[in-house]
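Let's walk through how to read sheets and an interface. Have a look at the sequence and the model first.

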Amino acid sequence: MTKVTMTVNGKSVSAEAEGRTLLVQYLREGLGLTGTHVGCDTSQCGACVVHVDGKAVKSCTVFAMDVAGSEVCTIEGMANADGSLGVVQQAFQDHHGLQCGFCTPGMVMSSAALLAENPRPSESEIRHYLEGNICRCTGYHNIVKAVLAASGQDAGAMAAE
Amino acid sequence: MHNFDFVKPSSIADAVAALSSEGAQALSGGQTLLPTMKQRLAAPDVLVSLTGIAEMQGVCTGEGGLHIGAATPHAVVARDAAAHYPALAALAGGIGDPAVRNRGTIGGSVANNDPAACYPAAVLASGATVVTPHRRIAADDYFQGMFSTALDEGEFITQVIFPIPHKAAYVKFNQPASRFALTAVFVAQFSDGVRVAVTGASNNGVFRWTEAEAALSSDFSAKAISDLTVAADDMISDLHGSAAYRAHLVKVLTGRAVTAAR
Ligand SMILES: Cc1cc2nc3c(=O)[nH]c(=O)nc-3n(C[C@H](O)[C@H](O)[C@H](O)COP(=O)(O)OP(=O)(O)OC[C@H]3O[C@@H](n4cnc5c(N)ncnc54)[C@H](O)[C@@H]3O)c2cc1C
Ligand code: FES
Ligand code: FES
C-alpha cells in the first residue's frame, strides 16, 4: 500500500492504494465518496464517469495511481457552495431525467463535460455524446430534455418520442 | 485482479529500462488492458504507464507526414489532426464514446491490433510507419494477424507517422453494442495509387483489398469496384453478422468511402 494524493472536488486528499486500486475504489472506499456508482465494472455503462483534469473518464477503468496529482471532480462536487443543486442536477430533477437514479451520477458528469466543451448542443449532439452512458429506466428522452434545459435552451420544443 | 507494481516513467529511456524486466507490461489508456486484467486474461508483475512521457504526446507535422505520439488520446487526435488529415481525425472521433476517447490512445490501439479496431485500418491504408525506441516498422510488415504484430517482447510504440493522402475517408458500420467496427473501410488516394484497408471483417485482422486498390488507382469512383466480389471464406462470422454479410459490407463500405473521400 502507498499513499496516493490528488485533488478531489477542490480539496487535496490522500488515501492508501495498491497498484490495482481503481480510481472508483479510491473514491468510494478510500474517501467515502459513494456518489460515483459502479454499474458494469467493464467500461460499458458510464455510471462511474468522473472528471479528471476536466475530462470525462470512466473511473472503473483507470488506476488511482495513474492519476495521482490530478484534479478530480465527482458528483459530490457538482452542488453549489450552499449545498443547493447545481444547474445540471437541478435540470435533471425538473425534467424527470432520472427514475431509480443509478445511472444519474455518470449522466450528470458526462452532461457537464459536454456543456463545458459545447455550451449549446443540439438534441442530436446530446444523444451522441451520451452514447457511453446507459440508463435502464428513463428511455433517455427526459435526460436529453434536462441537458437542453441546463444549456438554457427550450426543452419543451423537443419532439415527443 | 492480481496486484502488480506500478511505475510511471517520464522519459522513453526510462520506459525502455522498465519494460525490459521480466513480467513488465505497457499501460496506456487502459481501456482494453484494464478489462483484460479484471478477467485475469493478463496478470503483469509490473505495469509501466506510458502516459506521463511528454515526448510521446501530441500531434505535429514533420518529415514523412503527420507525427502522432503513441500516448496521444483519441480525443486529442480528433481535435488536433482535423486540419491536417480530416479522415484520420474523424476516425479517432468515432471510436467508442467520449470517456473512452479521453483515455484510450493510438499506441494502445495499434499495439493491441484488435480485429475490429479502427486505427489499424488508418495505419495500413495510409502506409504509415510505426516507430519504436530502436526501429521503424512499415505498416505492411507490422500487422501479423488478429492481436498479433511485429513488436518484440518489451518493445513499445513511441510514435506513428502518417503520410497524408490527397483524399481519404473512413466509413464504419458500427456494432451497436460494443461501438467497435462490425466492418469498416479506410480508403486513401496518393499520387502513386490508392490503398484500401478493411477492419472488423477478417479472421486474420486488418487487411488490404488489393483488387479494389488496382481498380481505384485507375478510376477513383465507386463504379470502378462494382464488378469486384469479395470472398467470404476468411471472414468473421458471429451473432452480429455472417461471413457473407461482412464480405458484402466490405464492398458497400468501400464504395461509400470512395464517394465520401476528401
Ligand atoms: C466501450 C469501449 C468502446 C470502444 N470502441 C472502440 C472502437 O469503436 N474502435 C476502436 O478502435 N477501439 C475501441 N475501443 C478500444 C479503445 O480504442 C482502446 O483505447 C484501445 O484499443 C487501446 O488503447 P489504450 O490506450 O486504452 O491501451 P491499453 O488498454 O492501455 O493497452 C492495450 C494493449 O496494448 C499494450 N500497449 C499499450 N500501449 C502500448 C504502446 N505504446 N506500445 C506497445 N504496447 C502498448 C498494452 O500492454 C496492452 O496489451 C473501445 C473500448 C471501450 C472500452
Ligand atoms: S461502471 Fe464504469 S463504465 Fe460501467
Ligand atoms: S434512472 Fe435508473 S438506470 Fe437511469
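Q: In which sense do β1(B) and strand β3 of chain B pair, and over how many bridges?

A: Strands count as paired if DSSP finds at least two bridges between them, and strands here are DSSP runs of E, at least two residues, numbered from the N terminus. In this case β1(B) and β3(B) (residues 46-49) pair in the parallel sense over three bridges. Within β3(B), B:Leu47 is the bridge partner of B:Phe6. Some ground rules: this is a predicted model, where local features need pLDDT of at least 70 and side-chain atom pairs count only at pLDDT 80 or more, while totals for chains, interfaces and linings use all residues. Residues are numbered from 1 along each chain as its sequence is written, chains are lettered from A and ligands numbered from 1 in the order written, and side-chain values use heavy atoms, leaving out hydrogens and water.

Q: What strand order does that open sheet of chain B have?

A: Read across the sheet: the order is β1-β3-β2, with parallel pairing. The edge strands, β1 (5-7) and β2 (24-27), each pair on one side only. From one strand to the next, the twist averages 25 degrees.

Q: How many residues of chain A and chain B are in contact?

A: Counting contacts gives 21 residues of chain A and 27 of chain B. Buried area is the accessible area (1.4 Å probe) that two parts lose on being put together, summed over both; here that's about 2,000 Å², with 54% from carbon and sulfur atoms.

Q: How many salt bridges does the rule find across this interface?

A: Look for a side-chain nitrogen of Lys or Arg within 4 Å of a carboxyl oxygen of Asp or Glu. There are four between chain A and chain B, including B:Lys38 with A:Asp41 (2.7 Å, N to O).

Technical notes:
Contact means heavy atoms within 4.5 Å. Helices (H or I, at least four residues) and strands (E, at least two) are DSSP runs, numbered from the N terminus. Axes are lines fitted to C-alpha atoms, for helices over the stretch in contact, and angles run from 0 to 180 degrees between N-to-C directions.
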